[in-house]
Amino acid sequence: MRRRVRACTIRPEHLSARTLALAQPNLHGGAAGSKRQLFGSELLLLFIPPLLLSHLLTLGLGICIGKRLAAASASPL
């Protein structure tokens, strides 16, 4: 009976779209001899754009703060 309950909970109708996309088996190459990829292309497409955006925003903020500090230290008191 436990098997039946578990089989029902992992059916595709019960999974979200993101979980289903990440849980798809890799069909490239053989199932027995292929290495498992550490980062799939879907996972990279999910994480790289926000990471790049946060780095660019941080760089821009650092440049603005640096310019203000340089201007403040150059002005006479």
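Visitor: Why is isoleucine 48 called partly exposed?

Guide: This is a predicted model, in which local features need pLDDT of at least 70 and side-chain atom pairs count only at pLDDT 80 or more, while totals for chains, interfaces and linings use all residues. Residues are numbered from 1 along each chain as its sequence is written, and side-chain values use heavy atoms, with hydrogens and water left out. Buried means under 20% relative accessible area, exposed over 50%, and partly exposed in between (1.4 Å probe, protein chains only). Isoleucine 48 has 46% relative accessibility, so it counts as partly exposed.

Visitor: What makes leucine 44 partly exposed?

Guide: Its relative accessible area is 37%, therefore leucine 44 is partly exposed too. Leucine 44 lies in helix 3, as does isoleucine 48, and that helix covers residues 41–74. Helices here are DSSP runs of H or I with at least four residues, numbered from the N terminus.

Visitor: Which residues does leucine 44 touch?

Guide: Leaving aside residues up to four places away in sequence, leucine 44 touches Phe39 and Pro49. Contact means heavy atoms within 4.5 Å.

Visitor: How much of the protein chain counts as buried?

Guide: Of its 77 residues, 1% count as buried.

Visitor: Where is confidence lowest, and where is it highest?

Guide: The scale is pLDDT, the predictor's confidence in each residue, from 0 to 100. In the protein chain, the lowest mean is 54, in helix 1 (residues 2–9), and the highest is 94, in helix 3. The chain averages 75, and 51% of the residues score at least 70. Where pLDDT is low, the predicted coordinates should not be read in detail.

Visitor: How many helices and strands are there?

Guide: The protein chain has 3 helices and 0 strands.

Terms used: Helices (H or I, at least four residues) and strands (E, at least two) are DSSP runs, numbered from the N terminus.
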